[in-house]
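I opened my notebook to look up a few things in this model, one entry at a time. Here is what I wrote down.

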Amino acid sequence: MNEKEKSLGERYTEMALDHISNKKYAEALEFAGNSLVQCISKNGLTSSKTADSHYLLGYIYLYLKEYEKCLSEMKVCRTIRRKHVYEKSLEIAMCDVNIGKSELGLKNYQSSFHSLYISWYKRALQLGFKHHSTLESLSLLQLVRFQTVMNVSNTIGDESPLRSKSPLSPRSTSPMRSSPAHPNNANMNMNSTLLNDQWIHKYE
């Protein structure tokens, strides 16, 4: 009976990953949910495999732009993984970066920056500063800072004293000029930076 449950859960996971590779996220969601149910039944609520199932489900929610659900699944995954791996591990960093992406999607920029900074630090520590995963976290940090500046700019409004046209400081009042957060890459947006196929992780 247990072996049948395990095999069924594995098949659900494989089918979910197959649908993800074909960009059929709605279909993948159903199989990932079934996989989580089977995994909990077989391994319990706090096993490392259950954490992986929560991660897979959250990952699909991220692609579907259901950020609150993604956030919930990633936080559960992170909590479980902390029972099995140390805090600065890459497994935890994977959760942190997706939590940061979800917060970014929800426009919670401060929370997003916090999680993304943690993920950058862990990845830099484990993989080096030039690794593509480390650079992913860094590019997202830049995007969050840019979005934060633009949000503050829009809140202030064009007639704010901070936008003074005084000839004494013609450049100092523009966030686009003064902030290092402004991305040089024109393709840095929610579609190309937040949801890129190169960040699909395989599950074992």
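**Entry 1: helix α2.** I am working with a predicted model, and I began by listing the buried residues of α2: Y25, A28, F31, A32, S35, L36, Q38 and C39. I recalled that an α-helix has 3.6 residues a turn, so residues three or four places apart point the same way. Then I checked the length of the helix, residues 25-43. At 1.5 Å a residue, its 19 residues should span 27 Å, and I found the end C-alpha atoms 25 Å apart, which agrees. After α2 comes G44, with a positive phi near 95 degrees.

**Entry 2: Y12 and its contacts.** Which residues does Y12 touch, leaving aside its neighbours within four places in sequence? I found F31, N34, S35 and Q38. Y12 itself sits in helix α1. Its relative accessible area is 19%, so I count Y12 as buried, the cut-off being under 20%. I also looked up one pair: Y12 and Q38 lie 26 residues apart in sequence, and their C-alpha atoms are 8.8 Å apart in space.

**Entry 3: helix α3.** I ran the length check again on residues 48-63. The 16 residues of α3 should span 22 Å at 1.5 Å a residue; the end C-alpha atoms are 23 Å apart, which agrees. Is this helix enclosed or open? I counted 13 of its 16 residues as buried, so α3 is largely enclosed by the rest of the structure. K65, which follows α3, has a positive phi near 60 degrees.

**Entry 4: a patch on the surface.** Which residues form a nonpolar patch on the surface? I noted F113, Y117, Y121 and L125, with about 380 Å² of accessible area together. L125 belongs to helix α6, residues 109-127. With a relative accessible area of 49%, L125 counts as partly exposed, since exposed begins over 50%.

Methods:
Residues are numbered from 1 along each chain as its sequence is written. This is a predicted model: local features need pLDDT of at least 70, side-chain atom pairs count only at pLDDT 80 or more; totals for chains, interfaces and linings use all residues. Side-chain values use heavy atoms; hydrogens and water are left out. Helices (H or I, at least four residues) and strands (E, at least two) are DSSP runs, numbered from the N terminus. The expected span of a helix is 1.5 Å times one less than its number of residues. Buried means under 20% relative accessible area, exposed over 50%, partly exposed in between (1.4 Å probe, protein chains only). Patches are made of residues with over 30% relative accessible area and no salt bridge: like charges are joined within 9 Å, nonpolar side chains (Val, Leu, Ile, Met, Phe, Trp, Tyr) within 5 Å. Accessible areas come from the Shrake-Rupley method with a 1.4 Å probe; for residues, only the protein chains shown count as cover. A salt bridge is a side-chain nitrogen of Lys or Arg within 4 Å of a carboxyl oxygen of Asp or Glu. Contact means heavy atoms within 4.5 Å.
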